[in-house]
Protein chains: 8
Amino acid sequence: MIFENMDRIVFAGDSVTDMGSTNPVGEGLFDHLGQGYVREVESMLAAWYPTLNLRITNSGISGNTSRDLLARFDRDVVALHPDWVSICIGINDVWRQFDEPAIPDDAVLPEEYARNVEEMIVRIKDRVKGVFLLSPYYMEPNREDAMRRRMDEYVAICASLAEKHGCRFVNFQKLYEEYCRIQHSSRIAWDRVHPNRIGATLMAKEFLKACEFDFSR
Amino acid sequence: MIFENMDRIVFAGDSVTDMGSTNPVGEGLFDHLGQGYVREVESMLAAWYPTLNLRITNSGISGNTSRDLLARFDRDVVALHPDWVSICIGINDVWRQFDEPAIPDDAVLPEEYARNVEEMIVRIKDRVKGVFLLSPYYMEPNREDAMRRRMDEYVAICASLAEKHGCRFVNFQKLYEEYCRIQHSSRIAWDRVHPNRIGATLMAKEFLKACEFDFSR
Amino acid sequence: MIFENMDRIVFAGDSVTDMGSTNPVGEGLFDHLGQGYVREVESMLAAWYPTLNLRITNSGISGNTSRDLLARFDRDVVALHPDWVSICIGINDVWRQFDEPAIPDDAVLPEEYARNVEEMIVRIKDRVKGVFLLSPYYMEPNREDAMRRRMDEYVAICASLAEKHGCRFVNFQKLYEEYCRIQHSSRIAWDRVHPNRIGATLMAKEFLKACEFDFSR
Amino acid sequence: MIFENMDRIVFAGDSVTDMGSTNPVGEGLFDHLGQGYVREVESMLAAWYPTLNLRITNSGISGNTSRDLLARFDRDVVALHPDWVSICIGINDVWRQFDEPAIPDDAVLPEEYARNVEEMIVRIKDRVKGVFLLSPYYMEPNREDAMRRRMDEYVAICASLAEKHGCRFVNFQKLYEEYCRIQHSSRIAWDRVHPNRIGATLMAKEFLKACEFDFSR
Amino acid sequence: MIFENMDRIVFAGDSVTDMGSTNPVGEGLFDHLGQGYVREVESMLAAWYPTLNLRITNSGISGNTSRDLLARFDRDVVALHPDWVSICIGINDVWRQFDEPAIPDDAVLPEEYARNVEEMIVRIKDRVKGVFLLSPYYMEPNREDAMRRRMDEYVAICASLAEKHGCRFVNFQKLYEEYCRIQHSSRIAWDRVHPNRIGATLMAKEFLKACEFDFSR
Amino acid sequence: MIFENMDRIVFAGDSVTDMGSTNPVGEGLFDHLGQGYVREVESMLAAWYPTLNLRITNSGISGNTSRDLLARFDRDVVALHPDWVSICIGINDVWRQFDEPAIPDDAVLPEEYARNVEEMIVRIKDRVKGVFLLSPYYMEPNREDAMRRRMDEYVAICASLAEKHGCRFVNFQKLYEEYCRIQHSSRIAWDRVHPNRIGATLMAKEFLKACEFDFSR
Amino acid sequence: MIFENMDRIVFAGDSVTDMGSTNPVGEGLFDHLGQGYVREVESMLAAWYPTLNLRITNSGISGNTSRDLLARFDRDVVALHPDWVSICIGINDVWRQFDEPAIPDDAVLPEEYARNVEEMIVRIKDRVKGVFLLSPYYMEPNREDAMRRRMDEYVAICASLAEKHGCRFVNFQKLYEEYCRIQHSSRIAWDRVHPNRIGATLMAKEFLKACEFDFSR
Amino acid sequence: MIFENMDRIVFAGDSVTDMGSTNPVGEGLFDHLGQGYVREVESMLAAWYPTLNLRITNSGISGNTSRDLLARFDRDVVALHPDWVSICIGINDVWRQFDEPAIPDDAVLPEEYARNVEEMIVRIKDRVKGVFLLSPYYMEPNREDAMRRRMDEYVAICASLAEKHGCRFVNFQKLYEEYCRIQHSSRIAWDRVHPNRIGATLMAKEFLKACEFDFSR
């Protein structure tokens, strides 16, 4: 496994990362880490690798677009001196284009999205052992759906930035694409975005694969 | 318009009909009618036809399947002596097959659905001036989606029963099919089921068309 | 219809406009637009003209007089760069003269009212495609009632300012005058001011008539 | 003053009597008596006649019509063995005819109203030292208002029953008629029914006049 | 009666004056005036003298000593430009000497009390038509009780300051002394300080006597 | 000390015993024992005699008179099979005579009080190791106060019944009499009845003296 | 893996099983399954074996001893017709012996514990595909601790009953024994009983091992 | 007893001291002193020595380490001009090393702990009549437990600083060590840290012994 004892991993993101965590930054006892994939990641790391003490920090805030996250990235990520950083952003950048089509201020278009995400990577990558780029997603198996098509552009931007900057890329869109071939999306989320605990576990498992986690221990 | 002064119209259904109305039956002052299409129907009738006093009653209860509605149909519909009855049921019959695939007790399969709805029609149709059958729906434009396919079976059952028993049929599935060619479903509902106020207005408009409502007054 | 795709319409006013909207300014998802005529206007526009994306913003605040609204007009209206502005103010200017007769500070007399409203019009009219002036009202059919007589003065001021500055004038006092010939005012509002949903629908319908809205679509 | 030491006076009625009192019956310490005219009556009796201990009981329940009050009259009035009984009912009998014109079940027409009130008087009058009949009212000075005209019929029924059965009659409609010549009704109540504390004091004063209360003590 | 149309009367004090009023200053509609003697004073003035519009303002704050009231006197009394001012302070100055004997900071001794009250009178008396000095009190009929004895010193200071500066003096201690000869103090207040509504009415009546109020109107 | 390992002591009473305990009967973990003298008794017993396990049960209910307590004595005391029983009742029997002088039903006069308390003693005394009779009290040092005088009658009844039936008598009236020579009653309770924690500790200490508790351990 | 598609697994137990689940029985959408190991078991099963639909039911109730669970076993377990049953009970049987030593009614001694658990096994084992017996535990590594020693007796009873009746035995005491060699118990639970999410994950992992779950999928 | 009339004693500490007291500093009426040993100390002092008025101030704040307490020591202790100061700190310094092993920022190691506590003593000791040093503790009788071993280091630091600076030392660790030979720690606290009321009484008794309190009075 790639993490070493006493490493600090900071997860930046939106509501999917936040899931009720303490804002702007949550960690430690009680429910400060929220109820989403970040909490599952912590639990699995602690249960499978009890001798490794890892500091998991949740810097997700509900409703954030990449523009919002960039604006607070120095305060909520860089200033925490993480060893590893995970970025999962973009769902709201896209969603607002479809649920509030008349309010362009609330959405972020692809070009700006790419700039925002790259700026975050650049600011942090030389200060950490590694950067994770977790793709945004829409649990919509129909590739012709307008929002899914749009999301695919953002996923592609992530993939491309991950490759350019040597980030570990986790493709949640692909994960859900495959899952939805087996179960209907409503098994995980009525709104195709906010996962229930099963979804959080799926995402944590996928994230941990990218960490060379050994589940057979 | 088909309604006459002092007619009573009872709307039976699930959460889409209920939308926060008083349970089991809501009507009259304050928010007893809830926030969904039933409330919009009442408002439009009262605003466009101020001389007509129409008693609108909401007998929708959240989470009901056709089995639940049938079990309370005598108490919450027949016993109210309505002049007109509207039935909009079936979404939960289908949804539970996909979001709780391991709990078959919570869902209702097509054959039983058809029996339940027909039983309701038979119990009431000779006691009223008319019965409205409002189709269930899933705001999913992709006809290949498994839940949409399933829903189409239930919509077809409704259409067939409406024809057999001379009910006025309102096809909400078709309404949303057409709407979703123009706007993304998330404009109306993140979960593709519970409409926001715009959706409630669309549905009220569609219902009122079936009442020969004159919007140009 | 007079609105064009992506137009922004800002509604300024008091509690009748506010009706539980987010303060000072509400728009977009959830209940930010409140439960009054503004919400109905948005719903009808979106349901009848689904291809038109219109940004509806509620800048109403409960209890405001024209003096209060003028004090925040730059922040809550002008700074939003609207394409259209609707102003509906004056009820509290009058009401406080009758329910708190010993507290003159809380009311606004006709001369100041005229100045306040005109100042708002002047500040915004050259920056927008059009200004709506919506009259204040008291749902009191008796023209001899002291408060109704007073309100009529304010309605006349509005009519005169609308004509002088080329605003689209919507006469809610007249609307309710006519409605109350058919139904008692308590059908719409016990306090003859705050409309229930039926009243909100009546007002939305009246507003949309002034927008050349085609209800027969 | 007509009351004697240790007399018990029971006030039966609707929301105007209830005003937040404990239901079905409130008396004694804390706020069990509610915030309306009944509380003011108790306070004035205790402050002006400190040597007289009088038991004041509030049997008002919000929303009651004469039909509802009659149904509980034995339990909430007769069974309490009062020395004096005050009945103030009828506002909802009338109001529902105007704010819910399509729901006739919720209103009570004049003929039934007369029967209901007379039945109450008959059941109690021989068991008590005296019965007060307090008229319903609508704080509407315009006698041409439809609801006011209707209310006047009910007030007349009260006056006539009071005379027939020797009850002490308190005419609240007349009280407010006179008050509204001086102040606008909104000084007392926005909805022209539920009095604020000033109204409660006016009504208590009027009630106490009928008790030969000596305010100059 | 001494008040003239449109006079403003400001009541400064502690919890006995406050009784749930809006802080720091409450007036007008709803319950802003609280539930104590100030509210009763307003109600009686409005009910007995409906043609007189009087602005009643409650500047009482729970827990205040004369030191606290003096510190906010300019903001909460002088700056309101009253026509009449009523001051009722001192209960907490005394009480804290007995319920928190080890915390001298929380109490105010007689010498300072006299200075504080006189300073308030001096600051306001030339700006108003009249000043009311309402004595503090302890509903303790036993003159040998230590707290009662202490309170008597404060009452005497008030009486003396009232005479020196020509204030209208209202002696609540004497009022309760007399009342307690007839009824036990627990009829009015379990803690011998905070009056229930009967006590508030007694105090309002006593205050109004000092205003030459005509109860026999 | 008189208690033996595993003894159960049940405290019956009113609000002074209850003090927020679970109703009708509270014991064991968390705050089931309430915040009054019963809780202090348990804490001191457990802290001074850690080897003795004693089951302390709170059967106090707020507002109870001796009539109320007798009515539930079998269920809430006898049926619990206590080893010791403590009865502390009578405050409300007296208080209601003074704070609700017109509602005789709510109070209990001396003769009935004596009967009620004796009935409780008789029902339990042969089933237990001992009965404690804890006097009611009023923290009023003035023996001429009407309520204190009345309370003294009840205390005397208790003393006499304790002697007649061999109960251990704890005189709380005397305890507070002495305490009030040193501190004012408001140090313990504003209403002279409900003790704060200091009062609870005083009462627990007095109770434990009657148990031959050794504080010098 | 031992479970087959559409199997129903019912988890009976106390607060460790319950963890906020709906009582008496919770399953399906939202948080009905609670926040403990049962939820983690469901999430892992669904995430690792998406094609298997398994119905997970939580029949845990906080504070239950084996006596309480036996009393409701027919209603909350047998009547649900499970395919598999898991029983995890005994912590409160032991705990009450130490935190409430004077209340023997609240605890269950070893002999009765053995009887209760065996009775549950006997009632269900022939109706299901398999029974899991999950040991109670105390996260106390010191075997000389009195409560740990006591708990070991109960664990031994479980082990012996599991062998006698062919149940699958999961030894949580051993799991935590080993974990506490690496981390302090306060990493999982301050009270050494109620696990945080890490503990829930550890327990779920241990349970799933007994199900031949393949984590390396 | 060492305290003199009107002495002020300030208790600084963490959650064990705080126990729900008003933050940052609580004293006087109501529950400002919280529910822990500080409240018991006040109650016993007032009950056993009623002629002594002592001002007890609670400056405990939940979650504080010695670092946090030092940071606010001037504001919350020195500036209050106490006559005596009690310091009870260190539990969180230790606990965070075990329940959050990956977050070193939240814990305080022994060397810093010694510096922090000594700095507090030095800042205050010449301004007061005496300083109490109350040891931190962990109610863990097993001296081999890792957290207990760690706590023993901190207790030793306290003992040594108390001797060096002439503070009165209260050894809560020893108190609980002895108590736990008789009862299990769960009788006092499930988490071995936060005492219930019995524990608070034990601690108050131990503290008062160090004050030469005479319990046999």
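Start by selecting E:Ser59. E:Ser59 touches E:Val10, E:Phe11, E:Ala12, E:Gly13, E:Pro24, E:Val25, E:Arg72, E:Asp76, E:Val77 and E:Leu80, leaving aside residues up to four places away in sequence. Contact here means heavy atoms within 4.5 Å.

This is a predicted model, in which local features need pLDDT of at least 70 and side-chain atom pairs count only at pLDDT 80 or more, while totals for chains, interfaces and linings use all residues. Residues are numbered from 1 along each chain as its sequence is written, chains are lettered from A and ligands numbered from 1 in the order in which they are written, and side-chain values use heavy atoms, with hydrogens and water left out.

Stay on E:Ser59. The residue is in strand 2 (residues 55–60) of chain E. Strands (E, at least two residues) and helices (H or I, at least four) are DSSP runs, numbered from the N terminus. Is E:Ser59 buried or exposed? E:Ser59 counts as buried, because its relative accessibility is 0%. The scale: buried is under 20% relative accessible area, exposed over 50%, partly exposed in between (1.4 Å probe, protein chains only).

Next, show chains D and E together. Here 27 residues of chain D are in contact with 27 residues of chain E. The two chains bury about 2,500 Å² between them, with 61% of it on carbon and sulfur atoms. Buried area is the accessible area (1.4 Å probe) that two parts lose on being put together, summed over both. Now pick D:Trp48, D:Arg197 and D:Lys205. In chain D, these three lose the most area to chain E, together 22% of what that side buries.

Select D:Glu40 and E:Arg197. They form a salt bridge, with the closest N and O atoms 3.5 Å apart. A salt bridge puts a side-chain nitrogen of Lys or Arg within 4 Å of a carboxyl oxygen of Asp or Glu. Between chain D and chain E the count is 2 salt bridges.

Color the helices of chain D. Helix 2 of chain D gives the largest share, 8 residues.

Last stop: chains D and H. No contact joins them, and their closest C-alpha atoms lie 21 Å apart.
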